[in-house]
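Here is a short report on one chain. Look over the sequence and the fold first, then read on.

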Amino acid sequence: MGVQETDVLVLGSGPGGYASAFRAADLGLSVTLVERYPTLGGVCLNVGCIPSKALLHVAEVIHSAQDASDLGITLSAPKIDLDGVRAYKDRTVQQLTGGVGGMAKGRKVNVITGEGRFRDAHTLTVSDGSEVRFKHAIVAAGSSPVTLPFIPHDDPRVWDSTDALALNDVPNHLVIMGGGIIGLEMATIYQALGSQVTVVEFADQLVPAADTDLMRVYQRYNKDRFTVHTGTKITGVDASGKALIITAEPTKGDAITLEADALLVAVGRRPNGHRIEADKAGITVDERGFIPVNAQMQTNQPHIFAVGDIVGNPMLAHKAAHEGHVAAEVIAGHKAAFEPLAIPSIAYTSPEIAWTGLTEREAKAKGLKVATATYPWSAAGRAIGANRSEGKTKLIYDPDDGTLLGAGIVGINAGELLGELTLAIEFQACVEDIALTIHAHPTLHETVGLAGELAAGTVTDIP
Ligand code: FAD
């Protein structure tokens, strides 16, 4: 409480905030971290990346048990103890948020719990009554789920992702509005736990940011698991009766009516730029709530930086953390810039959908010359042996010099396979480099090497 002086104020303790705070402290600066919630880690650790991945692991275990009969093993149907599953998810979250808390303590970061608002360009007031005077600030206040005016968000059967991850109930029929990454991860979890799941997506395909050929593989594999309506817009929700009555209008054909026990609204996230009184510090915020920054992560006020979801898409934890490091380093006087060639995106679904660098669609939209090479997992021993040969690995490259522009993978562990491809793009590797790198046999990453060989012409057919 009272007035506190600091070299660096960090507002928000998500991956952008804690990465900035820790880097700044490691570089010898005094740091004050203000977070409105009692645990550190932001959306990602508390109600985002981590609890969802714990529950997706549970879903994977259930699916593996259900698929065991294909392998000649008879297992009885999984019996789900929802309290036990919730406890597993909570333990996972606590281990990580506790770890971040310990790391803050270890670095003597001054943590203040309370809601912060700017008073002027060098002062933040906090709801616990304290006031922080800062030389530099890093705004890492994140984003919140988008709400829509025609949806009765105050009805307990209407969920956002935080409600879905609370795992209070497994509805008989769950309708998910939005077939993006978060919507499909929740579909995977609730279908495994026993819900009938219907996904309604406005765009023509699920995960609109991913290449269509990858999404076709995903949708074919899941055709019996979920009902999917693409090119369809939810236009009304009637919450007056026992069931939610949801009206949806496809671009072609007649309106659909769905009866649901719960509706998860997963139509995106809105940056929190308008919730921190940024104007009092003279920080420009655009009409959507994003704070514009340069490659050094500086706002229009050169001593105030912003990182993470609040500065723009993609809204991903690893992007936020890297931006946080840049901001802290620039404040400490280092020469640093956020200029990645590739930011990986992953849907941790079954199968996983993962891409890095440019998608084929983005590369073509940029007017680049584009070639692709795709290796099907139906020809990959490791995938066949795992009874999961539905996947494929695709490289997107410049046909003139073979430079790798991007890569997309759909299949089990696709997210793990993306690491070498992100590195390859950052190193401006070409497809020959990938082809000449010895990939172990039989592995899933062998499909990366074989796609490279197809592109380089050293393999010309697929068994
Ligand atoms: P946040 O993590 O949102 O943190 C912002 C923090 O600021 C919050 O703790 C908030 O309480 C605090 N705050 C805001 N305003 C104030 C204020 N005025 N005063 C005090 N504190 C304030 N990303 C991935 O990369 N991988 C994933 O697998 C993944 N899964 C996700 C699953 C779900 C369900 C969701 C919702 C998101 C997921 N994301 C994932 C996205 C990821 O969580 C975000 O990109 C990431 O958390 C952004 O970090 P950030 O530091 O910008 O903000």
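Which residues are buried in H1? They are Pro15, Gly16, Gly17, Tyr18, Ala19, Ser20, Ala21, Phe22, Arg23, Ala24 and Ala25. Buried means that 20 or more other C-beta atoms lie within 10 Å of the residue's own; exposed means 12 or fewer, partly exposed is in between, and C-beta atoms are placed from the backbone.

This is a predicted model: local features need pLDDT of at least 70, side-chain atom pairs count only at pLDDT 80 or more, and totals for chains, interfaces and linings use all residues. Residues are numbered from 1 along each chain as its sequence is written.

**Helix H1**

H1 is mostly covered, with 11 of its 12 residues buried. The cover over those buried residues includes strand S1 (3-11), S2, H2, helix H4 (82-106), strand S6 (131-139) and H8. Helices (H or I, at least four residues) and strands (E, at least two) are DSSP runs, numbered from the N terminus. From first C-alpha to last, H1 reaches 16 Å, close to the expected 16 Å. The expected span is 1.5 Å times one less than the number of residues. Gly28 follows H1, and its phi is positive, near 90°.

**The ligand shell**

In total, 35 residues surround the ligand. The closest are Gly12, Gly14, Gly42, Gly142 and Gly308. A residue counts as near if its C-beta atom, placed from the backbone, lies within 6 Å of the molecule. The shell divides into 16 nonpolar, 15 polar and four charged residues. Ala, Val, Leu, Ile, Met, Phe, Trp, Tyr, Cys and Pro count as nonpolar, Asp, Glu, Lys and Arg as charged, and the others, Gly among them, as polar.

**The annotated site**

The unreviewed UniProt entry places the feature "active site" at His441. Such annotations may be inferred rather than shown by experiment. His441 lies in the loop between helix H12 (431-436) and helix H13 (446-456). His441 is exposed, because 11 other C-beta atoms lie within 10 Å.

**The whole chain**

The chain has 13 helices and 22 strands. Of its 463 residues, 47% count as buried. Its C-alpha trace spans about 70 × 60 × 45 Å along the principal axes.

Methods. Two residues are in contact if their C-beta atoms, placed from the backbone, lie within 7 Å.
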